[in-house]
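Dear colleague,

Please find below the structure that I am handing over to you, with its sequence. My findings follow directly after it.

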Amino acid sequence: MDGFDDAFMGVGMSFSQQKMAVYDYDKVIEILMRDSEMTHDEAVEYFDFNIIGAYIGEETPTFIKRDTHEQI
């Protein structure tokens, strides 16, 4: 994902799946807020519709949201 290098965490692997880029959800939101001058709510809405909602083939990245067990 262009412009989100600071949110890149590494590569995810799973049985019978191709490797995929993994990004930190909260950092992606921070980058959207910083670079596009969005509020938190606007950044989340943009992310939900335009990033997580976009399928770009087998190389579609995945995102990790770091919640505690209690938050889940």
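**Salt bridges**

Three salt bridges turn up when the whole structure is searched. Please bear in mind throughout that this is a predicted model.

Arg66 pairs with Asp24 in a salt bridge whose closest N and O atoms are 3.0 Å apart. Since Arg66 belongs to the segment after S3 and Asp24 to strand S2, this pair ties together parts that are 42 residues apart in sequence.

Lys65 counts as partly exposed, at 43% relative accessibility. Asp26 likewise counts as partly exposed, at 29% relative accessibility.

The side chains of Arg34 and Asp35 meet in a further salt bridge, at 2.7 Å from N to O. Asp35 has a relative accessibility of 48% and so counts as partly exposed. As a general point, side chains of opposite charge can pair when their charged atoms come close.

**Overall architecture**

The protein contains two helices and three strands. Read from the N terminus, its elements follow the order β-β-α-α-β. Along the principal axes, the C-alpha atoms fill a box of roughly 40 × 30 × 20 Å. The protein has 72 residues, of which 29% count as buried.

**Aromatic pairs**

Four aromatic pairs are found in a search of the whole structure. One of them is formed by Phe8 and Tyr23: the ring centres are 5.6 Å apart and the planes stand at 70°, so the pair is edge-to-face. Phe8 lies in strand S1 (residues 8–12) and Tyr23 in strand S2 (residues 20–24), so the contact ties together parts that are 15 residues apart in sequence. Phe8 is partly exposed, with a relative accessible area of 41%, while Tyr23 counts as buried at 6% relative accessibility.

The rings of Phe47 and Phe63 also form an edge-to-face pair, because their planes are at 85°, with their centres 5.0 Å apart. This pair links distant parts of the chain, Phe47 being in helix H2 and Phe63 in strand S3 (residues 62–64), 16 residues apart. Phe47 is buried, with a relative accessible area of 3%. Phe63 counts as buried as well, at 16% relative accessibility.

Which residues make up the aromatic cluster? Phe8, Tyr23, Tyr25, Phe47 and Phe63 form one cluster.

**Surface patches**

Asp41 counts as exposed, at 62% relative accessibility.

**A backbone feature**

Finally, I would draw your attention to Glu37. This residue has a positive phi of about 50°, although Glu37 is not a glycine. Where does Glu37 lie? Glu37 is found in the loop between helix H1 (25–36) and H2. Is Glu37 buried or exposed? With 72% relative accessibility against a cut-off of over 50%, Glu37 counts as exposed.

Yours sincerely

Methods
Residues numbered from 1 in each chain as written. Predicted model: local features only at pLDDT ≥ 70, side-chain atom pairs only at ≥ 80, totals over all residues. Heavy atoms only, no water. Buried < 20%, exposed > 50% of the residue type's maximum accessible area, 1.4 Å probe, protein only. Helix = DSSP H or I, 4+ residues; strand = E, 2+ residues; numbered from the N terminus. Phe/Tyr/Trp six-rings, centres within 6.5 Å; stacked < 30°, edge-to-face > 60°. Salt bridge = Lys/Arg side-chain N within 4 Å of Asp/Glu carboxyl O.
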